Amino acid sequence: RLVVNQEVERLRDGLRAAERVLMPGGALITICYHSLEDREVKRVGVLWGPDSWPKASLLRSLAQANGWSVQEAGPQGPSNVFPDLQQVLSGSDVFLALADPQVFNSNSIQNILLASLRAQVPVVAFSPAYVRAGALLALHATPEQVGRQAGGLVLEALRGQPLPERAQESNDFEVAVNEHVARALGLSLDGRALRLALRRQEHLP
């Protein structure tokens with residue numbers, strides 16, 4: 001059916017046409033009933049800095065494996081963050097804020113969040129402080145979660161198990177949601193439900 005009706009090609013044509021007719025600040029909502037259609041509306045924007053740049057190839061491979069495209073610029077210097085931000089936002093469905101102080105810092109974050117909101121592109125960040133500042137949501141580990149994980153490693157060491165040689169990523173997280181930003185973007189999100197859904201996906205083959 002998809003091939004006979006040329007549904008993916010028509011979806012692409014419709015998305016391009018929508019970009020031409022949408023008013024500034026307008027939003028396009030798509031409802032997809034097939035994974036091939038869904039992949040046409042997954043574009044994640046990223047600004048790379050010196051600290052995050054080494055992870056660029058990993059993010060690209062993960063995005064490709066899940067049917068996402070990466071709209072990216074960088075590595076960034078202090079002078080080209082905002083010109084590149086506008087370009088990245090114009091081609092993104094969601095903007096991923098990475099832990100890189102060259103790009104995301106106290107001098108830049110408010111302008112980045114404001115530009116993203118004006119472009120109607122939600123920001124997914126790594127700290128609840130960014131959610132309080134205006135990001136849509138953040139995935140972050142709490143001190144309690146980090147403490148439990150560290151305690152588990154200590155107990156394993158006391159039982160004679162070797163400690164990890166490399167820094168460990170957190171094995172648990174929370175999802176913080178800015179409900180005011182969600183409403184401004186026409187979204188309804190539940191942080192607890194999102195966390196449970198993501199945790200379930202982690203255990204899928």
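What follows is a talk about labels and the cut-offs behind them.

Mentor: This is a predicted model, where local features need pLDDT of at least 70, side-chain atom pairs count only at pLDDT 80 or more, and totals for chains, interfaces and linings use all residues. Residues are numbered from 1 along each chain as its sequence is written, and side-chain values use heavy atoms, with hydrogens and water left out.

Trainee: What makes Trp48 count as buried or exposed?
Mentor: Buried means under 20% relative accessible area, exposed over 50%, and partly exposed in between, with a 1.4 Å probe and protein chains only. Trp48 has 1% relative accessibility, so Trp48 is buried. Trp53 has 36%, so Trp53 is partly exposed.

Trainee: Why is the pair of Trp48 and Trp53 called edge-to-face?
Mentor: Rings of Phe, Tyr and Trp (its six-membered ring) pair if their centres lie within 6.5 Å; planes under 30 degrees apart count as stacked, over 60 as edge-to-face and the rest as tilted. The ring centres of Trp48 and Trp53 are 6.2 Å apart and the planes stand at 80°, so the pair is edge-to-face. Phe95 and Phe104 form a tilted pair, with 6.1 Å from centre to centre and 55° between the planes. Phe95 is buried at 1%, and Phe104 is buried at 5%. The structure holds three aromatic pairs.

Trainee: How do you know which strands stand at the edges?
Mentor: Strands (E, at least two residues) and helices (H or I, at least four) are DSSP runs, numbered from the N terminus, and two strands pair if DSSP finds at least two bridges between them. The open sheet of six strands runs in the order β2-β1-β3-β4-β5-β6, with mixed pairing. β2 and β6 each have a single partner strand, so one side of each is left without a neighbour in the sheet.

Trainee: Why are the buried residues of α4 said to be on the same side?
Mentor: In helix α4 (residues 81-90), the buried residues are Val81, Asp84, Leu85, Val88 and Leu89. They cover an arc of only 135° around the axis, which puts them on the same side of α4; the arc is that of the directions from the helix axis to the C-beta atoms. These buried residues pack against β1 (43-47), β2 (69-73), β3 (94-96) and α5. The face turned away from the buried side carries the exposed residues Pro83, Gln87 and Ser90.

Trainee: What makes Gln120 worth a remark?
Mentor: Most residues other than glycine have a negative phi. Gln120 has a positive phi of about 60° although it is not a glycine. Gln120 lies in the loop between α5 (109-118) and β4, and with a relative accessible area of 25%, Gln120 is partly exposed.

Terms used. Contact = heavy atoms within 4.5 Å.
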